[in-house]
Amino acid sequence: MSRAVARRQSVQRVLVVEDDADAGTLLRMLLESQGYQVVLARNGGAALASLREQDVDLVLCDLGLPDNLSGYDLARIIRDDPRLRDLPLVALTGYDRPCDRQRSEAAGFDAHLAKPVGSEGIRQALGAVRGATAEH
């Protein structure tokens, strides 16, 4: 088993990309209460900087971000980067029409969660993504 797959079987550090300060704080608290370490970025540029500076095991990303780098753009950049391409990506968004789900899948997201989502929904999504990456 590769180091990347082994690491992904036990997600420890999550990068949360969320422009809403209150939502980001709530997500951080929720994930930390479940034992995760959380890195918080408020936009796509900050998320890319975080990914270049430190290892994370999973990205939980809003799709509508305030800078010129949407969550969709961020996912495509991650999938195009050989160092990051296997990083599990979960969209967490208010965009939940079928076309939004198709668009997030096409961009490279492994899962799509619609806001508002509770702690159980996030726990299940992280578990499902972790299990899917362990199979590869």
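**View 1. Polar contact between Glu18 and Lys115.** The side chains of Glu18 and Lys115 are joined by a polar contact of 2.8 Å (a pair of N or O atoms within 3.5 Å; within protein, one must be able to donate a hydrogen and the other to accept it, and residues adjacent in sequence count only if both atoms are side-chain atoms). The model is predicted: local features require pLDDT of at least 70 and side-chain atom pairs pLDDT 80 or more, whereas totals for chains, interfaces and linings use all residues. Residues are numbered from 1 along each chain as its sequence is written, and side-chain values use heavy atoms, with hydrogens and water left out.

View 2. Glu18 occupies the loop between strand E1 (13–17) and helix H2 (21–33); helices (H or I, at least four residues) and strands (E, at least two) are DSSP runs numbered from the N terminus. With a relative accessible area of 2%, Glu18 is buried (under 20% relative accessible area, 1.4 Å probe, protein chains only). Its side chain also reaches the backbone nitrogen of Asp20 at 3.0 Å.

**View 3. Strand E4 and its neighbours.** Five of the five residues of E4 (residues 89–93) are buried. Leu89, Ala91 and Thr93 point one way, and Val90 and Leu92 the other. E4 pairs in the parallel sense with E3 (residues 58–61) over three bridges and with E5 (residues 111–114) over four bridges; pairing requires at least two DSSP bridges between two strands. Val59 stands opposite Leu89, and Leu92 opposite Leu113 in E5.

Terms used: Buried < 20%, exposed > 50% of the residue type's maximum accessible area, 1.4 Å probe, protein only.
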